[in-house]
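Here are my notes for anyone opening this one for the first time. Keep the view open while you read.

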Amino acid sequence: MCVFKEFSSQAALGLGKREVEVRSRWPEAAKVCVEFASRSAARSGRFILCAAALSFPLAGCVTTASVPSSPFLTAVARLSPFQANANANGAATDPSLSAMNANAAASGDITTGSIPPATAVPSSGPQSVGQNGSVSPAGNAPIEPAVDRSGVYPQIASASPKMVEVFAAAKPSAPPPGSDVTSSLGVRAERNGVSLSNAIAAAVLNHPLMGAQAAKVTGSLADVRTAQGATKPQLQVYAGSGGSYLGSYSNYSTQFGSVEIPGGSRSDAGFTLRQLVYDFGAAKADIARSKSLVNAENLRLADQAEDIALRTVNAYLNLLEQKELIALIDKVVVDDNSFANLVNQSERQGNGTLADVNRIKSKVIEVEALRTDIKTSYSTAQDEFFRLTKLDSSKVGRPASISSQVPRSLEAALAIAKQNNPSLLALNANGVSIDQQLASQKAQQLPRVDLQGDGLVKHYVGASATASPGVVDTRLMLMVSYKLLDGGVMASQADRIREDKKANEFRAVDEKESIELNLKRFYQALSANRTKEDAAVQGTSTAQKANSLYLEQFKAGKRTVFEVLDSRMVVFTMQKNAVNSRYEQLRAAYGILRNMGRLVETAIRI
């Protein structure tokens with residue numbers, strides 16, 4: 001309600017200035033409105049009662065409730081809201097429930113009571129109130145983020161229970177909805193070890209980027225509700241009180257003659273109702289565009305899950321690879337130390353020289369330095385793995401073979417990628433939304449039919465009868481509107497949409513070419529490393545035989561220290577090449593699955 005503190009006006013031709021002052025305290029203004037409603041109810045009947053009833057609760061129409069994040073793993077995942085709270089007080093204190101149900105309604109599938117709501121994250125860190133009343137962190141302490149990883153999984157579980165069911169079906173020991181995925185997987189890791197599927201589940205269901213993309217999904221769902229609102233009734237109510245002048249004067253036979261403009265108080269209450277009847281499909285196309293954007297954001301979320309899964313796979317394989325290399329280099333260190341003892345004994349017996357002893361010592365130091373480098377790489381892999389999954393990296397085990405899941409040819413993989421890669425599908429969905437936007441833009445250039453109703457009550461209170469009338473004005477009409485000229489705005493907007501469509505098509509071409517190049521490189525790496533592994537395995541067997549013979553010949557005095565050390569390092573090099581080639585094949589295979597869009601669904605089943 002608007003309450004004017006002061007109202008002034010001046011009538012024409014020497015009429016004196018009259019100023020009406022209305023008290024600014026809202027209780028008295030409310031009292032005036034109540035008196036106004038009670039007097040005019042007898043005259044206006046149901047209209048006044050409706051207007052007064054709608055005007056008083058306006059203050060309760062403002063809310064600061066935020067829409068929670070609701071991630072989707074795949075494009076087919078359907079939205080489900082938070083569980084309905086049976087306690088009425090609890091429901092009143094949780095504004096996110098209604099927003100979540102609205103999101104579910106926008107996606108076309110409401111299933112209440114399936115997943116409990118996520119608990120609010122308490123504010124962290126002490127705060128102090130500044131001189132201007134603002135709240136600031138105490139001292140120079142860093143500002144902590146409002147949310148953390150613990151909020152990602154409940155949002156995914158509440159928004160897309162089907163995705164949780166996929167993990168639960170793949171691994172029966174998957175954590176129940178509402179539990180902490182990291183702690184649950186951590187307990188199982190202590191008991192059974194961390195499999196690759198557990199690591200991927202922990203990373204995908206727990207990564208902040210999933211929450212960030214989920215927020216975009218939630219935003220697109222809000223856009224759907226916004227577009228749907230155009231087809232629903234629009235009702236606005238208003239009320240006000242202040243000063244007014246009401247009267248008339250005559251212009252015949254004297255200009256501004258017979259002036260009667262008394263002043264008084266005035267209170268207004270009214271409403272405006274508008275309902276779309278027909279707009280040639282503009283609103284329908286806008287709703288379809290918003291839903292296409294929801295599909296695009298869902299697919300981008302699935303693409304984000306594929307990226308996180310691939311990063312987790314690489315970190316997992318790095319751990320296994322560096323662990324095997326550490327075992328190999330440890331054996332080299334043991335063998336070199338044994339050989340150093342043999343050289344020392346030979347030197348004490350007069351069969352060697354001090355140069356041989358120094359040479360073997362320097363070789364041991366060199367191998368120790370190489371061992372330090374490998375351990376550093378292993379530590380880096382541990383940090384990356386923990387950063388992604390928050391799981392104990394010491395419990396990882398070798399994954400099962402996925403060779404049967406990888407197509408035998410590049411052409412077959414590329415055909416599957418064109419149908420399943422979420423990044424390509426997201427661009428296609430974005431193209432559909434642009435087409436719908438263009439259709440909506442064209443329909444907006446056509447006439448529009450609305451059912452429109454208006455009502456207004458003017459209540460005057462003055463010193464005389466002429467200054468104290470009551471006016472009621474209402475209407476309900478079928479209105480047809482058409483914009484004849486808009487300065488070329490609509491045409492320019494349509495041109496912009498067409499250019500956006502071209503840009504999206506170019507991005508789709510680039511993405512398709514990038515996927516094709518990636519698949520080609522992965523298949524080349526798969527073939528090359530398979531050949532390298534076979535050669536390294538054969539080379540290891542030959543080098544081990546040569547090293548054994550050289551060691552026996554050294555004991556007989558027919559080989560030098562240098563030859564024995566070199567033969568031993570050849571064995572390690574061949575073994576290292578075999579290990580590297582084997583894991584490069586695994587990385588290439590998982591890279592192929594990622595570009596096909598099947599990494600998550602394949603990895604969680606092995």
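The points below go from the overall picture to a few charged residues.

1. Ground rules. This is a predicted model, so to speak of local features pLDDT of at least 70 is needed, side-chain atom pairs count only at pLDDT 80 or more, and totals for chains, interfaces and linings use all residues. Residues are numbered from 1 along each chain as its sequence is written, and side-chain values use heavy atoms, with hydrogens and water left out.

2. Overall picture. The protein has 16 helices and eleven strands (DSSP runs numbered from the N terminus: H or I of at least four residues for helices, E of at least two for strands). Of its 606 residues, 39% are buried (under 20% relative accessible area; exposed is over 50%, partly exposed in between, with a 1.4 Å probe and protein chains only).

3. Contacts along the chain. Take the contacts (heavy atoms within 4.5 Å) between residues at least 6 apart in sequence: 80% of them join residues at least 24 apart.

4. A charge to look at. D336 sits in helix α10, residues 282-348. D336 is buried but has no salt bridge (a side-chain nitrogen of Lys or Arg within 4 Å of a carboxyl oxygen of Asp or Glu). The nearest side chain of opposite charge is R568, 5.3 Å away (Lys and Arg count as positive, Asp and Glu as negative; His and chain ends are not counted). Beyond its neighbours within four places in sequence, D336 touches I360, K363, V364, V367, L565 and R568.

5. The structure holds 23 salt bridges. One of them joins the side chains of R274 and D450, at 3.3 Å from N to O. R274 belongs to strand β9 (residues 263-278) and D450 to strand β10 (residues 448-462), 176 residues apart. Buried or exposed, what is D450? D450 is buried, at 2% relative accessible area, while R274 is partly exposed at 35%.

6. E324 bridges to R398, with the closest N and O atoms 2.4 Å apart. E324 is in helix α10 and R398 in the loop between α11 (354-389) and α12 (410-420), 74 residues apart. R398 is exposed, at 58%. R582 pairs with E533 at 4.0 Å between the closest N and O atoms. R582 lies in helix α15 (residues 561-596) and E533 in helix α14 (residues 489-555), so this pair ties together parts 49 residues apart in sequence. Salt bridges with shared partners join E324, R398, E533 and R582 into one network.
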